Structures are given as C-alpha cells and as structure tokens.
Amino acid sequence: MLYPKIVAQIEALPKVALAPERLDLLQHLINYVQEKVTNNSAVNLNFICTHNSRRSHLSQVWAQTIAQFYNLKNVTCYSGGTEATALFPVAAKTLENAGFKIEKLSNEINPVYAIKYSENNHPIIGFSKTFDADFNPTSNFAAILTCSSADKGCPFIIGAEKRIPITYKDPKAFDNTPQQLEKYTERSLQIATELNYVFSQIKA
C-alpha cells in the first residue's frame, strides 16, 4: 500500500493532452512494458542521465512507485549516469515533499538514501552511479535516456534490449535561485504525469 500522500499526488496528476511528439516517445516505452507484462517477464527499466543526480532519479522513483500504484508485478526500476556525482539534495527534497519518506544512510560525497514509497515495500536505494555499474542490470532491460546529452553521448548501451530517449529539461538551470524548488517540483510532476500515462496504458 502506497503512502496516502503519494496516492493523492498520483490521483491529482493533471490529465493533460500530451503533445503528439511526446506520445510517440512514450509509446515505445508502453510497447516494451506491455510485451514484458504479456509474456509474464521481468520488466527492468534503467533511467539514464549524464550525472545521475536529478532527472534519472526522479524518473526511477516515480516509475517504481506508479507501477506499484497500478499493481504491475515484476517491475524493477534503476538509474545511472554517464558519470557518477551525487543525488542532488533538492531532488531528494522534492520527492520528500511529494510524500516519499527519505532517510540518508551515509554522509560521503556521494551519499546513499533509502527512499520509501510504502510501509511494506523495500525502499528504493538512491545514490549516483554509472549506468553500467554493478548495481544496475547488465542485460534484459530498457535504457530510457532522460537527458539530451546522455542521449547523444550513449548511442549504444551494452545489454539493453531497447533504447528509448524520453528527455526532460534540466532543473539544474534554476539552482541557487528563488525558483529552485518550484522548478524541481515542476519537473518532477512532468515526469510523474508522463509515467502515469505510460503505466495506465498497460493491460495486466
């Protein structure tokens, strides 16, 4: 059972008409997930950005949570970067504001976070890593590119069954400005809205 605040967030996501070009991108992910679900196979999704610090984590966390919201089984979501940095604290704060319970497990330069979306599910382990790190799958997964630089920099991802670019503007542009939290929230809600559309289309 998801935390009530997260359920309310998902149920309140805007039912906006997505632009045709976004629908085309999302349809590739829908098709991949649907094929796996139909065949009762594991659905492994690795969300990839340059630094694995913002958009890829937001995507990983929302995808895992929304899959649970729709009672889809065998879905495991990962994230990675073309390089490892750290999960940006404002990205974690944005998720916390949405109802996730976040515990910082270490205090290194690249700290590890436990990100819980329900009382009984295992928390998502959030920290920055490369997309091919041991923590991530090496085969039988879809690589979802969440930023244009990673999309351009990773024309081929070893082990990926499918490579799907679904890119988002970087909220980092608003770091250290009065709009920072507002813009992170805006990007988080955009990601959640599109992933909610994806998983709502899956027939279990």
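Student: Why is Asn52 called buried?

Tutor: Asn52 has a relative accessible area of 0%, and buried means under 20% relative accessible area, with exposed over 50% and partly exposed in between, using a 1.4 Å probe and protein chains only, so Asn52 counts as buried. Please keep in mind that this is a predicted model, in which local features need pLDDT of at least 70 and side-chain atom pairs count only at pLDDT 80 or more, while totals for chains, interfaces and linings use all residues. Residues are numbered from 1 along each chain as its sequence is written, and side-chain values use heavy atoms, with hydrogens and water left out.

Student: Where is Asn52, and which residues is Asn52 in contact with, leaving aside its neighbours within four places in sequence?

Tutor: Asn52 sits in the loop between S1 and H3, where helices (H or I, at least four residues) and strands (E, at least two) are DSSP runs numbered from the N terminus. With neighbours within four places in sequence left aside, its contacts (heavy atoms within 4.5 Å) include His57, Ser79, Glu83, Leu87 and Phe127.

Student: What makes the pair of Asn52 and Lys129 a polar contact?

Tutor: A polar atom of the Asn52 side chain lies 2.9 Å from the backbone nitrogen of Lys129. A polar contact is a pair of N or O atoms within 3.5 Å, where within protein one must be able to donate a hydrogen and the other to accept it, and residues adjacent in sequence count only if both atoms are side-chain atoms. The value of 2.9 Å for Asn52 and Lys129 is therefore within the 3.5 Å limit.

Student: Which side-chain partners does Arg54 have in polar contacts, and is Arg54 buried or exposed?

Tutor: Arg54, in the loop between strand S1 (43-49) and H3, has 8% relative accessibility and therefore counts as buried. Its side chain makes a polar contact of 2.9 Å with the side chain of Asp175, and another of 3.0 Å with the side chain of Ser53. Among the residues that Arg54 is in contact with, beyond four places in sequence, are Phe88, Pro171 and Tyr184.

Student: How do you know that the buried residues of H1 line one face of the helix?

Tutor: The buried residues of helix H1 (residues 4-11) are Ile6, Val7 and Ile10. Seen down the axis of H1, they fall within an arc of 100°, so they line one face of the helix; the arc is that of the directions from the helix axis to the C-beta atoms. What covers them includes helix H3 (55-69) and H6.

Student: Why are H1 and H3 called roughly perpendicular?

Tutor: H1 and H3 pack at an angle of about 90°, with their axes 11 Å apart. Axes are lines fitted to C-alpha atoms, for helices over the stretch in contact, and angles run from 0 to 180 degrees between N-to-C directions. Angles under 35 degrees count as roughly parallel, over 145 as roughly antiparallel, 65 to 115 as roughly perpendicular and the rest as oblique, and H1 and H3 are therefore roughly perpendicular to each other. Where they meet, Ile6 and Val7 are among the residues of H1, and Trp62 and Phe69 are among those of H3.

Student: What makes S3 and S5 edge strands?

Tutor: Three strands form an open sheet in the order S3-S4-S5, with antiparallel pairing. Strand S3 (101-104) and strand S5 (124-126) each have a single partner strand, so one side of each is left without a neighbour in the sheet. The twist from one strand to the next averages 25°.

Student: How do you know that S3 and S4 pair?

Tutor: Two strands pair if DSSP finds at least two bridges between them, and S3 is joined to strand S4 (residues 113-116) by four bridges, with Ile102 standing opposite Ile115 in S4. S4 and S5 are joined by three bridges, and here Tyr113 stands opposite Gly126 in S5.

Student: What is the order of the sheet of four strands?

Tutor: This open sheet has the order S2-S1-S6-S7, with parallel pairing. Strand S2 (75-81) and strand S7 (160-165) stand at the edges, because each has a single partner strand. S1 and S2 are joined by seven bridges, and the bridge partner of Val43 in S2 is Val75.
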